[in-house]
Amino acid sequence: MSDHNSNDVLRRDPRAEWIARNRLHPLHGTVASSETAEVRGPSGLLRKNPHKVGFIGPNGIKRIDRLKGNAAATGKGRRSGAAKDVQLPLHKVENPDFYIVVVPDMVGGRLTAHDKDIIGQAHKLISGIDGNGAVLAVCFGQSKEEHFDTAGVDRLLLLDDESYEGYCPEQRLEALVQVESAYKPQFWLFPDSVNGGSDLGSRLAARIGERPAVQVWQADNQTVVCRGAGGTTDITRNTPRLLMLAEECADPIDETRHEAQSVTLDAAPVVVAQLRDRGQVAVDPNAISLAEAEFILSAGNGIHNWDQFHSAASVLGATEGASRVAVDDGFMPRFRQVGATGTWVTARIYLAVGISGAIQHMQGIGQCDKVIAINTDAGCDMVKRAALSVIGDSEAILGELIKLAEDFRAQQSAGGDRDAA
Amino acid sequence: MQPNQFKVDVASKLKIVSLVSVGKHPQSGRVRRSDQDSRAVELGLKLTGDNRSGESLTVLHAGDPREQSLRSYAGMGLKSVRVLQLDPSADAILPLGQHLLQCGADIVLTGVRAESGESSGMVPYQLAEKLGWPIVPRVANIVSVEGGVAEVLQALPRGQRRSVMVQLPFIASVDSAAPEARQSAFGPASRALMDIEVVSASVDMTRESWEEVPARKRPKRLKVVKAKTAAERFKAATAKSQGEGGKVMKNESAVEQAQAIFDLLKEEGVLR
Ligand SMILES: Cc1cc2nc3c(=O)[nH]c(=O)nc-3n(C[C@H](O)[C@H](O)[C@H](O)COP(=O)(O)OP(=O)(O)OC[C@H]3O[C@@H](n4cnc5c(N)ncnc54)[C@H](O)[C@@H]3O)c2cc1C
C-alpha cells in the first residue's frame, strides 16, 4: 500500500493474474502475498478484496486511507513527486515582430499586483495580434524584483542609474521617448495609479501626441471600456496606442515562465530638469490613517513596557497599531485596533510585537506585504505568517532596535547638517 | 498640517490662474463646483492673500458662460470669473494656452481630473507640453514662492508628502489632499461678473464615435482554484494561508535580532 501510486499507469500482467487465480500454482504464494486490495478480475473489472483494504496503524488498529494518497502531501511525504516545485513552461519569443511596452510602478522596487495585471493585459493584447510580440517592461530605479520571469516579462529594460532615482519624471519621460523611437511599440501600457504610472503616462501621451484612454478596465485590440466623468460613466471607444489601465483589468500571468531578457538603451538621455526633488517631508506618522499607513508597529499582549513601545514607534517613524487585547486592556485607543473588528490595514511593512496571530487579527493584515514578528513563542501563527521572525523578549529587542534607530537618526541629522553647510 | 504661511516675493507681482470646470456630484449626478477645482481656487485665494502686494488670481473657464456652477466658484469671494466662450464639446487646449500666454500667468492651478466628460486629466499635461512649462501633479500645498522658484508639496499615496522645487511659470494639478475649499456664498455668487471672451475652437471629432453609458458595476475578481481533485479543492478552501515560511531567528542575541529587523526596515526603505 505504501508504495502504491495512484498516478501510475495500471499495467496488466496476464501471467501474474493467471497465477493469482490458480491457487494450486507453485508460484501462487509469491503473487498472492504482493496482491493489493484492488485487482483486475478476468473480465477486466476492478475487484476489491475488503480484507486487504487499509493498513495497520501504529496502535494496532486498522486504518483506511480514503484520500487515495492525496493526504500524503500534508504528512508523511509519500508522494514526493507532487511536493517538487513545478517548473512552468518557458514562453520564448525570438526576434519579436512587435513590442508592447509596460511601464510598471515598481513600488518599493517590486512589481505590484497592479503591475502584474497590466503585464497580463499586455499578453492578452499580443494574443489578439498576428505575429509574435514581446512584452517589454521598462523599470526605473533600483529593482528588488526576482520574479520578472513568472510575471510575464519577455524583455526587460532596467534603468537603474543614479539619474533615475527619486522623483525625476522629466528624465524618465526622456528615456520613454527614446524607447518609443527605438522600439516603435504597438501599445504603451501604464498602470493608472497614484504611484507615478498615471503621471508618466500622461506626460508621454502629451509628448508623443497620443490621446490616451485612462481608467481602462476592459481592453482588446479594437475597443476599450474606460471610466469617464469621475468614474460615473463607461466610455466605449477605439483602442488608442497609449492605455492607462485600472486595477484588475486582466488576470496576471500564472501558467508560463518568460525570458525576462535584459535589453539596453543606446544613448543615455540627459535633460535639464525643471523640477527638483527635495525628498519626502516628515509627516506625523500617527496623523496618517491606519488603513493607508505604509509602516505599522503593532503592539499586542506581549508588550509590557508601553512607554518604550511609543518611543520605538516615534523613532522608527511608524504608525502605531494594536491587537484587540491591547485595546481592551486600555493601553491603546480603539481606532488603533487592527483586525476583523478594527481596521483592515494595507501596510507594506507590518512589525508585530507580542501578537500571537489570532485569525481575527490575521484577517486585518491580509494585504500586508511583509510581516515581521517579535514573539517569545516560535510556534505561534504570526511567526508562520512572518517573513522575518525573531524569538525573544519584546522589551529587550525593542530596546536594541531603538538604539539602532537613534544612531541612524543621529547620523542622518549630521549628514543633513553637512549638506546644508 | 501647519497653518499656511506663505513667503511670497513682494517685488514680483504673482499672477495665478485657476482653471475650473463643471463638476458633477458623484451620487446624485447634480451639477456642482468640482471638488478639486474648487480646491485649486482655494489654494489660489490663499496664495494671493488680501491682494495687498499686487498678486492676482484669475479664475478661468473655457465653455458655456451661462453655466450655473461657475457662480458657485464666484461665491468663494471672487469679483469676476473669466470665461472663454466656446462650444462645450470643443477642444479647449489651444484657446486656453493662448490665453495663459497672453495674460502672463506665473502659476496655473487645475484639478487632477474633471468630474464630467472624458475626465482623463490630460488638460494640465497638454497645456504644459504646449507652453513648454513644467508640471507638478497632485499638489497638496504651495509652501513658498521666492525669487522665481516655488516650493511645492506633492501629495503621495499613503498620506506622504514630497517637497519639490520648481521654476516659475509652472502648472500644478491640485490633489484632493489640498486644503478644503471654503463655502460658496449665494449673494456674492450672483453679483459676480462674468467676463466673457468669445473664442473659436475646433470641434472634437474623435469623441463623436464614442459610446457613453452610466458606469456598470465591475465584476469582482474570483479566486480561481486550479485544483485537479476534490481533496485539493477542499484543501484550498480550508487551509490557512501560510507564508513561504520566513526566516526565524531563535538563538541569536537580542542585538543581532534587532540588527536583522533594522536591516530589513532599511532595505525596504521605510526608515527615512
Ligand atoms: C468576535 C471577535 C472579534 C475579534 N476581533 C479582533 C480584531 O479585530 N483584532 C484583534 O487583534 N483581535 C480580535 N479578536 C481577538 C483575537 O481573537 C485575539 O484574542 C487577539 O487578537 C489576541 O491578541 P494578542 O495576540 O495581542 O494576545 P495573545 O494572544 O495573548 O498573544 C500574545 C503574544 O505575545 C507573546 N508574548 C508574551 N510576552 C512576550 C514578551 N515579553 N515578548 C514577546 N512576546 C511576548 C506571546 O507568545 C503571544 O504570542 C477578536 C475576537 C473575537 C471573538
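Between chain A and chain B, 37 residue pairs are in polar contact, counting pairs in which both residues are at pLDDT 80 or more. The pLDDT condition applies because this is a predicted model. On the side of chain A that touches chain B, helix α12 (residues 394–420) supplies the largest share, nine residues. By residue class, that side of chain A divides into 41 nonpolar, 18 polar and 29 charged residues.

The extent of the interface can be given in residues or in area. In residues, the contact takes 88 from chain A and 80 from chain B. In area, about 7400 Å² is buried between the two chains, and carbon and sulfur atoms give 55% of that. Of the area that chain A buries against chain B, 9% comes from A:Arg211, A:Gln274 and A:Gln280, more than from any other three residues. The size of an interface is often given as the accessible area lost when the parts come together.

Salt bridges also cross the interface: the rule finds nine of them between chain A and chain B. In one of these, the side chain of B:Arg113 meets that of A:Asp192, with an N to O distance of 2.9 Å. Over all chains the count comes to 30 salt bridges. One within chain A pairs A:Glu180 with A:Arg241, whose closest N and O atoms are 2.9 Å apart. This pair links distant parts of the chain, 61 residues apart: A:Glu180 is in helix α6, and A:Arg241 is in the loop between β12 (233–238) and β13 (242–245).

Strand pairing also joins the two chains. Strand β21 (residues 388–391) of chain A runs parallel to strand β14 (residues 247–249) of chain B, and three bridges join them. Within this pairing, A:Val390 stands opposite B:Met249. B:Lys247 is also part of strand β14 of chain B. Which residues does B:Lys247 contact, leaving aside its neighbours within four places in sequence? They are A:Ala387, A:Leu388 and A:Ser389.

Next come the chains taken one at a time. Chain A has twelve helices and 21 strands. Its C-alpha trace spans about 100 × 65 × 45 Å along the principal axes. The radius of gyration of chain A is 30 Å, whereas a compact globule of 421 residues would have a value near 22 Å. Chain B has seven helices and 14 strands. Chain B is more spread out than a compact globule, because its radius of gyration is 25 Å, well over the 19 Å that the globule rule gives for 272 residues. The C-alpha trace of chain B spans about 75 × 50 × 35 Å along its principal axes.

Two backbone details remain, one in each chain. Most residues other than glycine have a negative phi, and most peptide bonds are trans. A:Lys184 has a positive phi, near 45 degrees. That residue lies in the loop between α6 (169–183) and β9 (187–191) of chain A. In chain B, the peptide bond that joins B:Leu168 and B:Pro169 is cis, with omega about -10 degrees. B:Pro169 lies in the loop between β10 (161–167) and β11 (170–174) of chain B.

Conventions:
Residues numbered from 1 in each chain as written. Chains lettered and ligands numbered in written order. Predicted model: local features only at pLDDT ≥ 70, side-chain atom pairs only at ≥ 80, totals over all residues. Heavy atoms only, no water. Contact = heavy atoms within 4.5 Å. Buried area = accessible area lost by both parts, 1.4 Å probe. Salt bridge = Lys/Arg side-chain N within 4 Å of Asp/Glu carboxyl O. Polar contact = N/O pair within 3.5 Å; in protein donor to acceptor, adjacent residues only side chain to side chain. Helix = DSSP H or I, 4+ residues; strand = E, 2+ residues; numbered from the N terminus. Nonpolar A, V, L, I, M, F, W, Y, C, P; charged D, E, K, R; others polar. Pairing = 2+ DSSP bridges. Rg over C-alpha atoms; globule rule 2.2 N^0.38 Å.
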